[in-house]
Amino acid sequence: MNLKRPTIGHIRLISLYWSRYAVRSGSGLVYLLIALIFGLSVAHILIMPVEQLMARQEREMGHTDPQAIRNTIIDIGQPVTQWILGQKSMKEIIQQSAARQRSVTSDSNDTAVGVEEQKKYADFDPWTSFLLEKRPALLSAIFLVLLFGMPFVISFLAYNQVSGDIQSYGLRYLLLRTERSNIYFGRFLGTVIFSTAVVAIIVVTITFYLGMKTRIYPALALAGWAAHGFLALAILMVPYIAVCSLISALVDSPFLSLVLAKVTIAGVLLGAIAGSFAWKPAKYFMYVLPWGWQSNLLHPEPAHWLGAVLACLVYTALFLMLGYYRFQTRDL
Amino acid sequence: MKHVVSIKGLSKRFGQIQALNDVSFEVSSHSIFGLLGPNGAGKTTLFSIVADFLKADTGTVEVLGINTRYISRLRGRMSILPQDAQFQRNVPILDQLVFFRLLAGRTKQQAQEEVIHSLDMVGLQSYAKRRVGSLSHGMVKRLGIAQAFLGHPEVILLDEPTAGLDPAGARQIRDLIKQLRQRATVMVSSHNLAEIQELCDYVAILNHGALVLAGSVDEITRADREYNLCLSRPLQNSELERLSSIEGVRNIKMLSHPGANHGKGSAEYLVTLNLSADHVNQDAVIGAILRGVLDMGVTPRKLVEGRSLESHFLEVTGGQSGDSVILDHAE
């Protein structure tokens with residue numbers, strides 16, 4: 001096989017043309033719409049109770065108490081965060097919720113068991129504490145959900161990097177003008193640029209709204225954590241785009257490419273979860289994709305989130321190389 | 001003569017179908033080379049392998065002395081009008097073609113000037129800002145030709161360049177291709193035999209993936225010392241015998257030509273003449289035949305030297321004209 005070295009100038013041209021074309025062709029607009037609806041809906045679902053709480057405080061006390069609101073957010077967010085991060089099992093989360101319920105309905109100070117129970121379940125692990133107490137908890141919760149959900153959404157943008165033009169033979173106008181490697185990597189890069197821009201729009205919108213409307217977190221803390229969350233989301237999209245790129249190079253039909261991308265991304269996660277009920281080690285199946293690493297992008301320890309970034313890059317390189325090999329050697 | 005394209009032992013199989021089978025030929029510099037064949041003969045496959053869209057199972061292709069495995073070395077020197085390749089429907093044609101020229105290292109302004117010139121050549125300048133989706137089939141075909149003419153490629157492959165064009169459009173493209181002979185080597189595939197005969201210096205005929213005939217159009221059509229004579233009425237057997245007795249005539253037969261004008265007012269009847277190869281003065285023989293015909297009270301309407309490409313095509317492909325070959329110009 002004769003693998004050609006990519007040309008930076010051509011990759012730049014192709015990626016810019018491709019990201020503009022993504023908007024013109026409509027697939028970029030569809031993705032933009034779906035990503036915005038998903039991102040803003042997540043934000044809405046998480047911010048709305050806070051806004052309602054603020055409205056109630058305003059009504060009852062004549063003012064809002066940011067500290068009380070922050071504490072409420074932490075109380076609500078703790079079990080969900082711990083479950084998403086894998087710090088506690090669903091059983092423990094339910095027991096914790098029941099213990100909190102008992103402490104609210106009875107005079108728990110009178111029973112030593114109640115105190116012990118509360119302490120047992122209310123203990124924060126360092127990661128949860130970092131996300132909920134040391135960083136704006138509401139934004140942390142939004143990022144955690146987005147990190148989980150955006151891999152499903154990204155395939156709407158990335159599924160058709162080359163498959164459509166293979167099917168329509170449109171690539172033939174390009175093949176005598178540039179290397180196959182430039183087309184493949186250029187379109188991948190163009191998709192990454194477009195995806196990053198959309199993630200930026202979502203994060204800026206949510207952060208701006210959170211800052212202006214709720215005013216429960218200091219602006220600097222909000223901006224800093226938003227920047228970290230944006231980077232985490234942008235980096236996480238890259239290996240998933242690379243998976244879609246590989247699938248796109250394997251099949252000629254854009255529709256089949258979309259279906260396979262969806263099935264692959266969701267199937268790995270569902271397969272790992274479902275499989276682990278029957279056979280514990282099956283949970284490691286999720287490491288076929290970055291599912292097992294991606295929460296670490298919000299880890300307090302730099303070593304952990306750098307490790308997650310590295311893992312994303314390794315996945316990206318692997319999928320890209322496989323896809324490129326196929327694209328370079330196949331009939332077009 | 002210098003060979004610009006050299007194809008040796010090319011084979012390609014798609015599953016059970018042998019699309020090309022050990023095809024070899026060469027194309028001379030600054031010639032127009034026609035590739036003929038019925039549907040499924042392997043013309044598009046051959047072009048696609050030459051342009052490295054498809055990988056050959058066996059064999060080699062060299063263009064301008066470069067093996068097409070290293071196709072990038074031919075960048076800017078070879079272009080193609082691919083058959084059935086679609087442009088991006090939602091992007092203005094100017095943007096798409098300018099992008100191609102940017103890849104060739106042109107500045108945006110240079111690229112725009114070249115594109116406008118190329119679109120002007122095919123009569124699409126006023127559509128430059130339109131999206132491809134809004135163009136008719138014929139216009140898209142012309143756009144494909146415009147992109148193939150961009151820059152100054154030394155080798156141009158045109159896969160059915162006039163298919164789907166109206167007669168005036170087809171004539172315009174044929175004239176453009178003729179002009180290209182000055183500066184480029186052109187390979188054209190077509191179903192239109194008359195078009196190939198008009199345009200090309202050399203021709204290769206493919207059938208079921210195999211090369212069945214290759215050579216210069218002149219050599220092919222003028223072999224056999226054959227003439228076709230169109231007459232105002234059919235000749236009787238006795239009249240045919242009288243003409244056969246003229247010295248130098250080997251064979252003479254009356255036949256109906258598929259393109260003859262039967263039933264359209266001015267009927268024409270075709271006679272095929274074969275002259276003896278050892279007779280030196282063919283003009284004298286032809287003169288004697290024409291005088292004989294006039295003496296019979298028959299008006300000769302047309303005399304054509306050589307067999308048509310069409311008859312060769314039908315012969316070597318086993319008469320597979322069917323619906324896949326156009327026997328006359330569409331115009």
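Reply: Let us start with the open space, bearing in mind that this is a predicted model. The largest pocket has a volume of about 1,100 Å³, and 29 residues line it, with Trp83(A), Ile84(A), Gly86(A), Ile273(A) and Met286(A) lying nearest its centre.

Me: Which helices each supply at least two residues of the lining of the largest pocket?

Reply: In chain A, helix 3 (66-84), helix 7 and helix 12 each supply at least two residues of that lining, and helix 12 of chain A gives the most, with five residues. By residue class, the lining of the largest pocket divides into 18 nonpolar, eight polar and three charged residues.

Me: How should I describe the way two helices pack?

Reply: Two packed helices are described by the angle between their axes and the distance between the axes. In this structure, helix 7 (residues 137-158) of chain A packs with helix 12 (residues 254-278) of chain A at an angle of about 165°, and their axes are 8 Å apart. Angles over 145 degrees count as roughly antiparallel, and helix 7 and helix 12 of chain A are therefore roughly antiparallel to each other. The crossing in which helix 7 of chain A passes helix 12 of chain A is right-handed.

Me: Which residues of helix 7 of chain A meet helix 12 of chain A?

Reply: From helix 7 of chain A come Phe148(A), Pro151(A), Phe152(A), Ser155(A) and Phe156(A), and they meet Leu258(A), Ala261(A), Lys262(A), Ile265(A), Ala266(A) and Leu269(A) in helix 12 of chain A. The residues of this contact divide into nine nonpolar, one polar and one charged.

Me: What is the angle at which the axes of helix 1 of chain A and helix 2 of chain B cross?

Reply: The axes of helix 1 of chain A and helix 2 (residues 93-103) of chain B cross at roughly 165° and come within 10 Å, which makes helix 1 of chain A roughly antiparallel to helix 2 of chain B. Their crossing is left-handed. On the chain A side of this contact, His10(A), Leu13(A), Ile14(A), Tyr17(A) and Arg24(A) in helix 1 meet Asp95(B), Gln96(B), Phe99(B), Leu102(B) and Leu103(B) in helix 2 of chain B, and the contact residues divide into six nonpolar, two polar and two charged.

Me: Which residues line the largest cavity?

Reply: The structure holds one cavity of 30 Å³ or more, and the largest cavity, with a volume of about 30 Å³, is lined by Ile14(A), Tyr17(A), Trp18(A), Leu174(A), Arg187(A), Gln88(B) and Phe99(B). Helix 1 (residues 8-25) of chain A contributes the largest share of this lining, three residues, and the lining as a whole divides into five nonpolar, one polar and one charged.

Me: At what angle do helix 3 and helix 4 of chain B pack?

Reply: Helix 3 (residues 108-121) of chain B and helix 4 (residues 137-149) of chain B pack at an angle of about 130°, with their axes 9 Å apart, and are therefore oblique to each other. Helix 3 of chain B passes helix 4 of chain B in a right-handed crossing. In this contact Ser118(B), Leu119(B) and Met121(B) in helix 3 meet Leu143(B), Ala146(B) and Phe149(B) in helix 4, and the residues divide into five nonpolar, one polar and no charged.

Methods
Residues numbered from 1 in each chain as written. Chains lettered and ligands numbered in written order. Predicted model: local features only at pLDDT ≥ 70, side-chain atom pairs only at ≥ 80, totals over all residues. Heavy atoms only, no water. Axes fitted to C-alpha atoms, helices over the stretch in contact; angles between N-to-C directions. Helix = DSSP H or I, 4+ residues; strand = E, 2+ residues; numbered from the N terminus. Parallel < 35°, antiparallel > 145°, perpendicular 65-115°, else oblique. Left-handed = near helix turned anticlockwise from the far one by under 90°. Contact = heavy atoms within 4.5 Å. Nonpolar A, V, L, I, M, F, W, Y, C, P; charged D, E, K, R; others polar. 1 Å grid on protein atoms, 1.4 Å probe; cavity = no way out; pocket = protein on both sides within 12 Å on 5 of 7 lines; lining within 4 Å. Points joined across faces, edges and corners; volume = space filled by probe spheres on them.
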